[in-house]
Amino acid sequence: VQEQEVGLQHLMNLCPGQDEHDVKYLFSLFQREVYKREDIVWKQGSQGDSLKLLVFGTLFSNLEREAGTTEPVSAGNMIGELALVNRTKRMSTVKCISEEAIVYSLTLEVWEQLTENNPKVARFIDLIVVRYLAQRVCHVSNRIFETRCLPV
């Protein structure tokens, strides 16, 4: 039960200002998954068929075809949201780098049902996508400003 409480709290943090009852409903649609060290969560270029909320552990994201850019993913973060919402391919390979990682996953099938039956709650995921994209744009803009050059 403690693990689910932590997961729910992570999702609440990603959905600021939203009704707790609605966030609990959204969390109830997620399925628990466990990954062990070196397990591949997904490969770059694979179809985006789920998003993952990392509850415990650490994952590692590697943009294999983009100059090898890497980024650790810590607990409390969501991954795969953009590929799920846009129905696109994965932009990076993600693997587990901790002894164990516990994630809660929302599948494409459940996402499609949610958008059809409860668009208000589905919008929470849309807002997470927007927030994450805004952070990425800000990060790139800051790098351009600091270095006075465009990333290649």
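# Close-up views of a predicted model

**View 1. The largest nonpolar core.** The largest nonpolar core holds 28 residues, and Leu11, Leu26, Phe30, Met78, Trp111 and Ile125 have the most contacts inside it. Such a core is a set of buried Ala, Val, Leu, Ile, Met, Phe, Trp, Tyr and Cys residues joined through side-chain atoms within 4.5 Å. Buried means under 20% relative accessible area, exposed over 50%, and partly exposed in between (1.4 Å probe, protein chains only). Two or more residues come from each of helix H1 (2–14), H2, strand E3 (50–56), helix H3 (81–86), E8, helix H4 (108–117) and helix H5 (119–147). H5 gives the most, with seven residues. Helices (H or I, at least four residues) and strands (E, at least two) are DSSP runs numbered from the N terminus. The model is predicted: local features need pLDDT of at least 70, side-chain atom pairs count only at pLDDT 80 or more, and totals for chains, interfaces and linings use all residues. Residues are numbered from 1 along each chain as its sequence is written, and side-chain values use heavy atoms, with hydrogens and water left out.

**View 2. The surroundings of leucine 11.** Leaving aside residues up to four places away in sequence, leucine 11 touches Val23, Leu26, Phe27, Phe30, Leu53 and Met78. Contact means heavy atoms within 4.5 Å.

**View 3. A cluster of rings.** Phe27, Phe30 and Tyr104 are linked into a cluster by ring pairs. Rings of Phe, Tyr and Trp (its six-membered ring) pair if their centres lie within 6.5 Å; planes under 30 degrees apart count as stacked, over 60 as edge-to-face and the rest as tilted. The whole structure has two aromatic pairs. Phenylalanine 27 and phenylalanine 30 are stacked, because their ring centres are 6.1 Å apart and their planes lie at 25°. The rings of phenylalanine 27 and tyrosine 104 have centres 5.0 Å apart and planes at 35°, so this pair is tilted. Phenylalanine 27 counts as buried at 9% relative accessibility, and tyrosine 104 counts as buried at 4%.

**View 4. Pairing of two strands.** Strand E4 (residues 58–63) and E5 pair in the antiparallel sense over six bridges. Two strands pair if DSSP finds at least two bridges between them. Serine 61 stands opposite glutamate 71 in E5.
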